[in-house]
Amino acid sequence: LNMFDFDLDYNAPAGVCLGDETSILLLNNGSGTYTYSWGPEECIISGGDSTNPTVVITESKDFVVTVTNDESGCMTEMIIPIEGIVLDVSLETTTGATEIIIGEDIGISVVDEPDNSTYQWNSGQDTELITVSPSETTTYSVTVTDENGCFDIEIITINVAVPRCDETDVFLPSAFTPNGDGVNDELHVRSNYLSTMELLIYDRWGEEVYRSDGPKSFWDGTYKGEKLSADVYGYCLRATCVDGQEFVSRGNVSLLR
């Protein structure tokens with residue numbers, strides 16, 4: 001009894017983008033005539049009875065070809081694995097948040113991308129990290145393509161807060177208690193939107209007892225290093241918001257001991 005020897009090899013990509021078509025070339029170096037049958041059937045687009053089928057995958061798959069020598073009736077199987085390449089990137093901002101105040105900028109970067117990837121943003125940039133400063137809420141998208149030609153599209157929306165630059169967004173408390181207990185000891189102008197600020201405090205005789213030097217400054221209830229007595233003090237607040245709007249407010253604030 002003579003054994004029939006098959007002499008088979010193949011050319012096929014190691015990996016294919018999910019959903020893309022590719023072809024497998026079976027190399028049969030034997031003599032005679034042969035019959036071929038490929039599977040899995042649902043992955044075969046055409047050429048399922050040839051040495052060069054066109055296939056598609058939606059996940060990593062082992063292709064099996066059954067080769068039969070027509071003269072001897074002998075058959076063998078060859079398994080050809082093809083990896084399904086999944087490109088699954090994501091986007092993150094340099095601050096970890098997706099909201100900015102108008103006039104600010106923020107960085108957006110691609111993460112979890114393979115080496116040697118390319119980038120194409122809807123804003124025109126082609127780098128892994130972009131810096132943007134939108135004047136209104138804007139959605140950014142990027143197409144990331146790996147060296148195999150597989151791609152993924154991701155989007156991120158940057159929300160832009162626009163200040164009203166009125167008492168809603170600029171707030172000065174009507175009283176504070178600078179008694180050293182760690183609670184409400186300092187008089188702050190509370191706002192996330194100020195670029196400049198001047199706060200003047202006057203006593204009941206019109207003498208200036210405090211002048212701020214910027215949006216982060218505060219009054220601790222002293223004048224020339226001395227604690228002032230509990231009383232009602234007048235104030236004048238002039239400020240500019242980050243979008244250029246101006247805010248002016250006058251009134252009274254109570255210093256409580």
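Author: A residue is called buried when its relative accessible area is under 20%, exposed when it is over 50%, and partly exposed in between, with a 1.4 Å probe and protein chains only. By that rule C241 is buried, with a relative accessible area of 1%, and C165 is buried as well, at 5%. This is a predicted model, in which local features need pLDDT of at least 70 and side-chain atom pairs count only at pLDDT 80 or more, while totals for chains, interfaces and linings use all residues. Residues are numbered from 1 along each chain as its sequence is written, and side-chain values use heavy atoms, leaving out hydrogens and water.

A disulfide here is a pair of cysteine sulfur atoms within 2.5 Å, and a search of the whole structure finds two. One of them joins C165 to C241, with 2.1 Å from S to S, and the link is right-handed, with 95 degrees about the S-S bond. C165 lies in the loop between strand 16 and strand 17 (175–176), whereas C241 belongs to strand 24 (residues 231–241), so the pair ties together parts that are 76 residues apart in sequence; strands are DSSP runs (E, at least two residues), numbered from the N terminus.

Another disulfide joins C17 to C150, with 1.8 Å from S to S, and both of these cysteines are buried. The torsion about their S-S bond is about -95 degrees, so this disulfide is left-handed.

C43 is buried too, but its sulfur is 16 Å from the closest cysteine sulfur, in C17, too far for a bond.

Methods:
Helix = DSSP H or I, 4+ residues; strand = E, 2+ residues; numbered from the N terminus.
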